[in-house]
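The following exercises concern a single protein model.

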Amino acid sequence: PNPRTPNHTEILPGAGVSPTPAEIGLVKPVATVANLTGIAGTAATVLVLYPSDVSPRPQVSDLNPNAGQVVANLAIVSLAQTGGNSGDVNLFNAVGTIDAILDVAGWFQ
């Protein structure tokens, strides 16, 4: 895991990284199913997953871990379909520093 700093958005690769293919035939994946785990943050925070071609960031959360807590949640998130980060997702951390893992379980076309 890599620590996420406060009020920071990180681009995470999606399509083209196992197990999500870049495309099958001419069809690209449009969403992914994954477990998002927050690990021992320094403060209660909000983690948000969203397509990397979306702006502004959605005002909803995928995980709300408390300080020191290790907690996971299943998330279904769209993959970016346009721009230089096509196929990727953003992970935003609101407060404190926290480690996070995104464990992909499947994808949609």
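**Exercise 1.** Determine whether E10 is buried, partly exposed or exposed, and identify its salt-bridge partner.

*Solution.* Step 1: E10 has a relative accessibility of 22% and therefore counts as partly exposed; the classes are buried under 20% relative accessible area, exposed over 50% and partly exposed in between, with a 1.4 Å probe and protein chains only. Step 2: E10 forms a salt bridge with R4, and the closest N and O atoms are 2.7 Å apart. The term requires a side-chain nitrogen of Lys or Arg within 4 Å of a carboxyl oxygen of Asp or Glu. Step 3: R4 has a relative accessible area of 5%, so R4 is buried. Step 4: By this rule, the count is one salt bridge. In general, side chains of opposite charge can pair when their charged atoms come close.

The model is predicted, so local features need pLDDT of at least 70 and side-chain atom pairs count only at pLDDT 80 or more, whereas totals for chains, interfaces and linings use all residues. Residues are numbered from 1 along each chain as its sequence is written, and side-chain values use heavy atoms, with hydrogens and water left out.

**Exercise 2.** State where the confidence is lowest and where it is highest in the protein chain.

*Solution.* Step 1: The mean pLDDT of the protein chain is 91, and 98% of the residues score at least 70; pLDDT is the predictor's confidence in each residue, from 0 to 100. Step 2: The lowest confidence belongs to strand β1 (residues 2–4), with a mean of 78, and the highest to strand β4 (residues 47–51), at 97. Strands (E, at least two residues) are DSSP runs, numbered from the N terminus.

**Exercise 3.** Which residues form a nonpolar patch on the surface?

*Solution.* Step 1: The patch consists of V30, I76 and F108, with about 270 Å² of accessible area together. Its members need over 30% relative accessible area and no salt bridge; nonpolar side chains (Val, Leu, Ile, Met, Phe, Trp, Tyr) are joined within 5 Å, and like charges within 9 Å. The areas come from the Shrake-Rupley method with a 1.4 Å probe, and for residues only the protein chains shown count as cover. Step 2: I76 belongs to strand β5 (residues 70–78). Step 3: I76 counts as exposed because its relative accessibility is 57%.

**Exercise 4.** Describe the backbone at P56, N7 and A40.

*Solution.* Step 1: Most residues other than glycine have a negative phi, and most peptide bonds are trans. Step 2: The bond from S55 to P56 is cis, with omega near 0°, and P56 lies in the loop between β4 and β5. Step 3: N7, a residue other than glycine, has a positive phi near 50°; N7 is in the loop between β1 and β2 (8–12) and counts as exposed because its relative accessibility is 60%. Step 4: A40 is not a glycine, yet its phi is positive, about 50°. A40 is in the loop between β3 (31–39) and β4, and its relative accessible area of 45% is why A40 is partly exposed.

**Exercise 5.** Which ring does the charged end of R57 sit over?

*Solution.* Step 1: A charge sits over a ring if NZ of Lys or CZ of Arg is within 6 Å of the ring centre and within 35 degrees of the ring normal. Step 2: For R57 the ring is that of F92, with the charged end 3.6 Å from its centre.

Technical notes. Helices (H or I, at least four residues) and strands (E, at least two) are DSSP runs, numbered from the N terminus.
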